Structure formats: structure tokens, C-alpha cells
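Have the viewer open as you read.

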Amino acid sequence: MAAAGVLGGSLAVFHSQDNAKASEAFPPASHSGAATATPGERPSAPASAPAATERGTSKVDRYEAEINRLVNDARKKHGCEPLHRDPRMDKAARLHSQDMAAHGFYAHTGPDGKGPKERMEAQGYDDASGENIDAWPRTPQDAFDAWMHSPGHRANILSCHSKGTGIGVALGGKLRAYWTQDFGYK
């Protein structure tokens, strides 16, 4: 199923994949290059959640680092520069995954009506290029493989226009695991 809609003043194309995976891309505000088409529903961030920018050796930290490695390996094979982790986007992504787990929803737009761009901007990052979300996969490889088999997710990962990323994983909740990867033009 596909539908078109207006998002933040720009046209976005959404696809549904059995409501299991979703991605969203944003056209560059002042950058050259075409925007990618994208799937899914849209997410939000919780009012209060644990700090999302600290990295360590927890399972979540290892999972986030592995997603970053897998994505950058794929980008290298595609001829793109690796994405750098941006702590502001990391926080936006982690808070969104935590919000989905805590409140039992799976979408790019949260119950508060905020989408990816608004969540990234709330953390001080103002040049969003897209977002991938997933639920159910138990491992980083499974989440990455699902994204790479979806045209919209794959386009977000392999867009050489994106330069930064934020990754957030939350374990638990109704769907076991929630994965968010935000992308930015700088």
C-alpha cells in the first residue's frame, strides 16, 4: 500500500510493509541532490526517559554500535563516506525507541504528534535527512537485513547525501525490540 502526503512542507511517499518496518526521508533544505521516497508510519519522543547520549558496554550500546558498523560497511561498498555518529541524533533516536517500547506503538509520529524532524530539532539537530524504524528483530543483523530488503530503508542507508546518524535501540515492550536510525545532512 502506498500513499502520498505532505510532511513539513514537502511531499513524502509512505509505503506499508505489513506494518512491520518503516522509513521516512526528507528532501534537503538547502542541499543538492534528490530526496528519496520512503515507507511507513511516523514516530515521537517520550517526555522523560534515561539519558540517550551516553555510550558504554551495555547490550543496547553494543547493538547500536553494530548497526553503525553494518550501515557504514554497506555505505562503503556503495561508494559513500561513512556516517558519523552525532550525539544529538543518538539522543533523538534512543528516546524515540524508548518511547515506542514504553507506550506500545510503532510509528514515525508519536502520540504527541511529533515526527522525526521535530524530535531531532528538539535535541539541537536541524538538518534531518531521514529516519528508519523497525520492531521485532532481536539482533542488529536482523534489523539491518530487514532495512536493506526494503527500498525506502535501503535508500536512507545508502544516500551519499547523508553525513550524520543517530542510532537508538530499546529492548522490551510489546514488540520485544525497537530500532531507530536517524539520518542528517551534516
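What follows looks at one strand, an asparagine beside it in the discussion, and several salt bridges.

This is a predicted model, in which local features need pLDDT of at least 70 and side-chain atom pairs count only at pLDDT 80 or more, while totals for chains, interfaces and linings use all residues. Residues are numbered from 1 along each chain as its sequence is written, and side-chain values use heavy atoms, leaving out hydrogens and water.

Helices (H or I, at least four residues) and strands (E, at least two) are DSSP runs, numbered from the N terminus. Please find strand S7, residues 177-184. Eight of its eight residues are buried, so S7 is largely enclosed by the rest of the structure; buried means under 20% relative accessible area, exposed over 50%, and partly exposed in between (1.4 Å probe, protein chains only). In a regular strand the side chains alternate between the two faces of the sheet. In S7, Ala177, Trp179, Gln181 and Phe183 lie on one side, with Tyr178, Thr180, Asp182 and Gly184 on the other, and both faces are covered.

Which strands pair with S7? Two strands pair if DSSP finds at least two bridges between them. S5 (residues 128-135) runs antiparallel to S7 over seven bridges, with Asn132 partnering Gln181. S6 (residues 164-171) is also antiparallel to S7, over eight bridges, and here Gly164 stands opposite Gly184. S6 and S7 form a hairpin with five residues between them, and Gly172 in the turn has a positive phi of about 110 degrees.

Asn156 counts as buried because its relative accessibility is 3%.

Now for the charges. A salt bridge is a side-chain nitrogen of Lys or Arg within 4 Å of a carboxyl oxygen of Asp or Glu, and the count comes to nine. Glu131 and Arg119 form one, with the closest N and O atoms 2.6 Å apart. This pair links distant parts of the chain, Glu131 in S5 and Arg119 in helix H3 (residues 116-122), 12 residues apart. Both Glu131 and Arg119 are buried.
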